[in-house]
Amino acid sequence: MHKIIGLTGGIGSGKTTVARFIEEMGYPVYNSDTRAKDLVNESHDLKAAIIQLLGSQAYDENGLYDRKYVGSIVFSNDELLKQLNAIIHPAVNKDFHDWVKRQSREIIFKETALLFELKLNLQCDKSLLVTADESIRIKRVMDRDSKTYREVEKVIDNQMPERKKIRLADYVIENNSDMQHLRLSTEKIMTSLINDLHKI
């Protein structure tokens, strides 16, 4: 029987880096966001449903999902965003369960940005949140993605407030410092997490 740990964090928090550290420790990590990007291109059913919702412009001339175009429409329209999520998330969920069946390790991780927003933490044994001060997160994303301050702020505004996530999470890693500090914090939390899981 697998023990599933939900790994989450807002944009620019360092969630993906923590996921890499966990993989380096030998634990499988399913990246929901990456798989969603693959599935919108791989699945014909998903593609058809997205085109029906957003029109053929949702895919470019090469037939690939146009994230920039879709983002420009859905991030200013809550109802459309909900409808799009209602198409994509069940497909990702099914893909995750297929992935779980192929894993041999007892402890596995599900990395997803919307763990608490979609109440996916209720399907996990424990949850781990990576957090950082908002000003740090905004600067990281501006540097990484060449986005404006307002563009990053808009994405953050669409996510659950950090203080609420901190209350919901079983474990929290604060990532306001450098990479070495983040690695040490991850190792420390992993030791606590694994010890606690063995008690369940």
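## Salt bridges

The count of salt bridges comes to 17 in this predicted model. Side chains of opposite charge can pair when their charged atoms come close.

Glu106 is partly exposed at 36% relative accessibility. Lys3 counts as buried, at 15%.

## From helix H1 to helix H2

Asp33 forms a salt bridge with Lys15, and their closest N and O atoms are 3.1 Å apart. The bridge joins helix H2 to helix H1 across 18 residues of sequence. Asp33 is partly exposed, with a relative accessible area of 29%. Lys15 is buried, because its 9% relative accessibility falls under 20%.

An unreviewed UniProt entry lists Gly12, Ser13, Gly14, Lys15, Thr16 and Thr17 under "binding site". Gly12 lies in the loop between strand S1 (3–8) and helix H1 (15–24). Gly12 is buried, with a relative accessible area of 9%.

## A network and a patch

Salt bridges link Arg35, Asp38, Glu42 and Asp95 in a network. Within it, Glu42 bridges to Arg35, the closest N and O atoms being 3.7 Å apart. Glu42 is partly exposed at 49%, and Arg35 is partly exposed at 21%.

A patch of positive charge on the surface gathers Lys37, Arg67, Lys68 and Lys147. Lys37 is in helix H2 (residues 32–42). Lys37 is partly exposed, with a relative accessible area of 39%.

Technical notes: Residues numbered from 1 in each chain as written. Predicted model: local features only at pLDDT ≥ 70, side-chain atom pairs only at ≥ 80, totals over all residues. Heavy atoms only, no water. Patch = residues over 30% accessible without salt bridge, like charges linked within 9 Å, V, L, I, M, F, W, Y side chains within 5 Å. Areas by Shrake-Rupley, 256 points an atom, 1.4 Å probe, with all protein chains shown as cover. Salt bridge = Lys/Arg side-chain N within 4 Å of Asp/Glu carboxyl O. Lys, Arg positive; Asp, Glu negative; His and termini not counted. Charge placed at Lys NZ, Arg CZ, Asp CG, Glu CD. Helix = DSSP H or I, 4+ residues; strand = E, 2+ residues; numbered from the N terminus. Buried < 20%, exposed > 50% of the residue type's maximum accessible area, 1.4 Å probe, protein only. UniProt positions renumbered as here; feature names shortened; annotations may be inferred.
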